[in-house]
Amino acid sequence: MTQTSVAEPVIEMQGISIAFPGVKALDGVDFRMFPGEVHSLMGENGAGKSTLIKALTGVYGIDAGTITLAGDQVSFSGPAQAQAAGISTVYQEVNLLPNLSVAENIMLGREPRRFGSIDWRAMRRRAAALLEGLNLDLDPGSLLGDHSLAVQQLVAIARAIDVQAKVLILDEPTSSLDADEVAELFRVIRSLKEQGVAILFVSHFLDQVYEICDRLTVLRNGSLVGEYLVEELLRIDLVQKMIGKELTTLDDLEQRARSVVVDESDAALFVNAEGLGRRGAINPADLPIAAGEVVGLAGLLGSGRTELARLLGGIDRADQGELAIRGKVTKLRTPRQAISNRIAYSSENRRDEGVVGDLTVRDNIVLALQADRGWFRPIPAKRRDELTQSYIQALNIRPGNPDALVRNLSGGNQQKVLLARWLAIAPRLLILDEPTRGIDIGAKAEIQKLVFNLAENGMSVLFISAELEEVLRLSHRIVVLRDRHVVADLENDGLTVDSLLALIAEGSSDDEVPDASAGMPLAGAAVPAVPAVPAVPAVPAVPGVPGADRPHDSAASDTDPTPTDPTGDPR
Amino acid sequence: MTKLLDAPERPLRSSGPSGPAPRAGLARRIRNLLTSPKYGPVTVTAVLFVVIFIAGGVRYRGFFSGQVLLNLLVDNSYLIVLAVGMTFVILTGGIDLSVGAVVALSGMIAASLLQTGWSPAAVIPLILVLTSILGLLVGLMIHVFKVQPFIATLAAMFLARGLCYVISQSSISITDPTFVQLAVARIPLGGNLSITPSVIIAVVVVAIAVWVLHATRFGRTVYAIGGGEQSGLLMGLPVARTKVLVYVISGFCSGLAGVLFTFYTLSGYPLTAIGTELDAIAAVVIGGTLLTGGYGFVLGSVLGVLVLGIIQTIITFEGTLSSWWTKIFIGALLLVFIILQKVLTSRRR
Amino acid sequence: MSALLARLVASRLFWPIVMLLVLFTINLIAFPGFFAVTLRDGHLFGSLIDILRNGAPTLIIAVGMTLVIATRGIDLSVGAVAAISGAVACSIILGSPEPANPATVAVAVTVALIISLVLGMWNGFLVAVLGIQPIIATLILMTAGRGVAMLITEGQIITVNSPPFKALGSGFWFGIPIAVIIAAVVFGIAALVTRRTALGMFIESVGINPEASRQAGVRARGLLFVVYTFSALCAAIAGLILTANTAAADANNTGLFIELDAILAVVIGGTSLAGGRYSLVGTLVGALVIQTLVTTVYTVGIPPIATMVFKAAVVTIVCLLQSPTTTEALSGFRRRLALRAGKGVAAS
């Protein structure tokens with residue numbers, strides 16, 4: 001953090017706003033980067049991270065605001081233009097060509113040419129020189145697709161820096177790399193940093209952000225939360241800023257169903273996952289769920305919460321561990337098998353994996369039930385109509401027209417149709433993955449109430465939500481995931497948003513107590529619920545002295561040192 | 001930078017076959033070659049060709065001769081040109097079903113215009129321009145209007161066949177001296193071997209195509225589109241222009257193939273070359289170009305044509321086998337190679 | 001009133017029906033007796049009857065094609081399958097000692113249909129099990145199928161003299177052409193089976209959103225087998241009618257280009273090539289439009305050979321109209337119009 005003290009920002013974005021039909025994706029966001037720093041952009045789903053990156057790289061036009069690159073105001077009409085100006089992007093996976101050689105992937109678009117022909121020898125030479133600069137031992141003539149993803153990622157970086165990049169954007173570069181490969185990537189990032197390149201590092205992995213980044217900017221719901229020096233921001237504060245808090249509108253719902261006695265003896269377990277995992281998605285995890293129990297999965301995006309749920313729902317196949325349903329070990333190979341075992345998985349991706357947009361409300365509701373019965377045993381029309389009507393009324397689906405096409409319904413109503421589909425098969429375990437995301441507050445309350453009632457009637461529910469209040473309110477038990485590991489499995493008894501935040505930020509799978517030396521005072525976990533995040537002023541710190549004027553959250557740093565142990569009993 | 005060079009971390013090594021390959025065993029290198037989506041299918045095809053040729057030589061008298069080999073080129077020069085155009089299209093992940101009809105159409109245009117006394121020097125360029133324009137329209141339909149390639153080219157196929165009938169319902173024979181001359185001319189290669197002018201044209205087309213695909217930015221963009229159109233766009237490559245141009249090339253090649261076909265048949269007939277698009281697609285696929293695009297070579301497609309040709313020759317030599325077995329063999333071979341591609345690509349992913 | 005009109009225009013059947021009416025009008029102007037249907041020898045005669053009868057094979061194939069397209073697929077092999085079934089039936093009839101015996105014809109037809117089921121399952125296997133793209137998978141049978149048909153006919157055009165067989169193509173039953181009755185039955189069964197069972201819903205669901213359907217437990221694999229098999233069956237029935245009509249099996253020309261007519265009928269009928277919602281009634285109208293187009297070309301006096309050019313024009317126009325680019329441009333235009341109208345109101 002010595003090199004940036006006198007520098008001007010290489011990128012300065014001010015008051016950026018972008019609206020899509022019906023959504024304000026970015027609302028007056030400020031963002032800046034200095035030469036030779038590694039900067040992270042943090043936020044949950046829908047925070048506006050990728051929109052901001054696309055605004056910077058010219059993929060989206062901006063509705064308001066200015067972008068300044070090295071002192072000059074710019075506006076890019078496309079990624080090619082941004083790249084020419086020195087802003088290069090390495091996406092998670094998409095921008096390389098596995099069918100071409102390493103050299104071509106680095107040089108394509110600016111190949112050295114002689115008499116109209118590509119000068120292959122010169123091209124290989126230049127590519128080799130670039131690879132050597134990154135200390136990569138690669139044959140430039142080899143096929144890119146023959147290399148591991150990690151190597152491909154590094155080739156993409158080699159391509160990006162060949163255009164004299166001033167700014168290098170790495171979007172989720174580590175999501176499919178193992179530890180050694182991440183170390184290699186970080187080595188390259190550090191060397192680029194020494195050369196004065198400003199690097200924007202976007203990742204879900206907090207450990208990595210804390211290892212490599214100097215500074216970070218937090219976005220939430222399309223707005224700027226603030227810009228912070230990494231070394232001065234506690235993880236718990238970071239997570240809290242990312243997740244934020246919504247004012248509770250559901251006070252009428254009795255606090256939670258803690259009083260319900262859940263029989264947790266093995267006999268009463270509806271499903272019991274032992275060491276269930278899938279390589280590259282979720283590390284082996286244990287997850288017992290009793291009948292009538294609501295289990296909440298808490299964790300950040302990419303923590304493995306969805307991946308674990310998909311294994312239970314038969315959407316993806318587990319390659320490790322085993323799953324017992326009602327005490328019988330069962331292999332779920334398809335969603336169909338899960339459904340015939342009365343397990344329903346309601347996807348977080350409502351549009352692409354949930355509703356069938358061009359079918360009617362009625363067809364969408366009966367789809368899973370009908371699929372279970374087979375095509376030649378149609379549900380009688382009368383029964384179908386009754387079923388549809390009853391769910392339209394019970395869930396208050398608007399418009400209440402069974403013949404309306406689902407794609408014309410609002411998000412909340414689409415979600416209710418999806419719920420109705422799963423309820424129609426009378427599941428014993430209902431897996432709800434982010435059922436309340438992107439829907440209005442009224443529908444949200446209705447869905448929460450429904451989950452509550454279902455559990456009272458003996459249905460097991462696995463509930464996933466990025467909103468911790470919701471998880472806390474509904475769950476009997478909460479399983480916390482971080483970096484694809486289950487890090488805690490707790491009775492929802494005395495848990496608070498803050499104790500959960502602490503676990504999400506710095507959970508630990510074997511030690512009960514987070515290590516104080518990791519720079520995270522345990523006491524932070526026991527803070528009484530902080531009132532909605534103080535509106536962090538979106539003013540950037542004084543230029544030239546980054547981080548000097550970091551806005552502090554007074555509540556989070558002056559903690560009440562009540563010695564409770566939120567990580568509790570590892571089951 | 002100095003710190004970087006003597007960095008203690010282990011350098012990342014390529015896991016690919018071409019990295020530390022030299023010391024690998026021969027068996028492993030052969031296996032790597034066969035399982036590579038780039039070289040696997042074309043290697044199989046080459047082996048297949050040699051095997052069939054040797055089998056034919058053992059079985060039939062007079063099969064094992066240079067002229068039999070050269071006749072593969074003589075009889076299939078038009079198909080080679082067609083396959084070259086089709087290779088460009090399939091490399092981008094598209095398909096062109098109109099080529100057979102366009103071959104017939106250019107034959108009809110040639111025959112009818114020559115009949116009315118046009119000079120071949122005007123007729124041939126006109127045909128090439130017209131078929132290129134048809135390709136351009138198809139390309140625009142695919143790129144601008146996002147019509148699926150097979151539907152757009154199906155419409156072009158309809159149009160071309162329809163225009164054939166509009167020109168004439170029956171066969172028109174060609175008596176133009178230049179055409180007749182080109183049809184009967186043999187170019188001696190010494191030692192009783194000879195080829196036709198069509199072969200030379202086909203070879204020139206192949207040479208140009210090899211150069212374009214290998215050594216020009218346009219050619220590499222063709223591969224890039226097949227490897228990932230979105231990636232190509234993000235790399236700032238001229239994807240739109242290339243995608244349209246590929247169909248123009250296919251149109252041009254179809255027109256030229258039609259002209260070569262008339263050298264061969266000396267007539268124009270509206271129902272000619274039905275199903276030729278399938279031969280062209282089969283040749284390209286058998287020649288190792290992946291139907292999903294991105295991998296393949298023009299020379300592979302030439303090899304594919306030769307395999308189809310030699311199967312035809314075997315059937316002719318066999319005598320008792322009816323000629324329609326050719327179609328069945330082509331279908332079966334196409335299937336085998338598609339499955340081979342499936343296996344190779346799924347193993348890679 | 002305007003709301004009703006708007007709903008009518010928004011209906012997917014609107015444009016196909018308009019096209020059909022326009023074609024009828026052109027015919028009526030060119031040939032005033034166009035709509036006349038007379039009873040001769042107890043048989044119905046007239047231009048409309050001709051359209052129905054000649055359009056029957058296309059309609060039958062288009063019905064099968066509709067279901068295939070609804071699953072995001074395509075079946076290019078229908079022409080070849082039609083040729084094979086015709087060849088099989090004719091060679092059985094030719095080889096039998098009593099070609100005129102209805103029992104012989106029944107055996108021939110049954111065998112032809114069973115073979116088509118095998119061919120359809122083959123297509124289904126390639127698409128559903130091996131996961132080959134439908135265009136390519138059916139292309140294989142399209143190429144090889146003609147060869148198989150040639151093999152069966154031994155390269156000859158097989159002419160049969162069997163009145164019961166010929167009746168399939170050109171006979172009448174209660175005054176109505178048998179081909180039309182067969183087409184009506186196929187159409188009715190398809191409509192009934194897909195709409196009375198859950199088959200239609202599953203087909204649409206898989207065509208619209210395969211992943212959501214998978215997660216809802218719909219078995220796409222079996223479904224694809226069913227639609228490709230049904231499509232081949234339809235193709236075989238159409239092939240029998242075509243062959244019976246001329247009483248000759250021609251491996252090269254039976255059903256030539258009929259896949260294009262069928263796809264065209266489906267597309268005109270408003271079923272998108274991208275799969276999803278389908279309309280069998282739309283396909284019916286589409287098939288009638290194509291056949292009427294052919295008739296119109298005759299009555300107006302254009303050389304009949306030019307019909308293919310017209311078909312090309314129609315398929316191009318329909319595709320361009322369905323294109324997302326056009327839809328976007330149109331909706332942008334409409335929005336601007338509305339905006340201008342709104343401003344006008346505000347100003348006044």
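Two strands are said to pair if DSSP finds at least two bridges between them.

**Strand S20 of chain A**

S20(A) covers residues 460–464, and five of its five residues are buried, so the strand is largely enclosed by the rest of the structure. A:Ser460, A:Leu462 and A:Ile464 point one way from the strand, while A:Val461 and A:Phe463 point the other way. In a regular strand, side chains alternate between the two faces of the sheet.

S20(A) has strand S15 of chain A as a parallel partner, and strand S19 of chain A also runs parallel to S20(A). The table lists these pairings.

| Partner of S20(A) | Residues | Bridges | Residue pair standing opposite |
|---|---|---|---|
| S15(A) | 294–298 | four | A:Leu297 and A:Ile464 |
| S19(A) | 429–433 | five | A:Leu432 and A:Phe463 |

**The nonpolar core**

The largest nonpolar core has 401 residues. B:Val81, B:Leu82 and C:Ile84 are the residues with the most contacts inside this core. Helix H11 of chain C, residues 220–246, gives the most to the core, with 17 residues. In soluble globular proteins, nonpolar side chains tend to be buried together.

Leaving aside neighbours within four places in sequence, B:Leu82 is in contact with B:Val99 and B:Val103, with B:Cys253, B:Ser254 and B:Ala257, and with B:Thr276 and B:Ala280.

**Where chain C touches chain B**

Between these two chains, 33 residues of chain C are in contact with 34 residues of chain B. On the chain C side, helices H6 (134–153), H14 (307–322) and H15 (324–347) each supply at least two residues. H6(C) gives the most to this side, with twelve residues. By class, the side of chain C that touches chain B has 22 nonpolar residues, nine polar and two charged.

**Confidence in chain A**

Chain A averages a pLDDT of 78, and 81% of the residues score at least 70. Where pLDDT is low, the predicted coordinates should not be read in detail.

Technical notes. Residues numbered from 1 in each chain as written. Chains lettered and ligands numbered in written order. Predicted model: local features only at pLDDT ≥ 70, side-chain atom pairs only at ≥ 80, totals over all residues. Core = buried A, V, L, I, M, F, W, Y, C linked by C-beta atoms within 7 Å. Buried ≥ 20, exposed ≤ 12 C-beta atoms within 10 Å, placed from the backbone. Contact = placed C-beta atoms within 7 Å. Nonpolar A, V, L, I, M, F, W, Y, C, P; charged D, E, K, R; others polar. pLDDT = per-residue confidence, 0-100.
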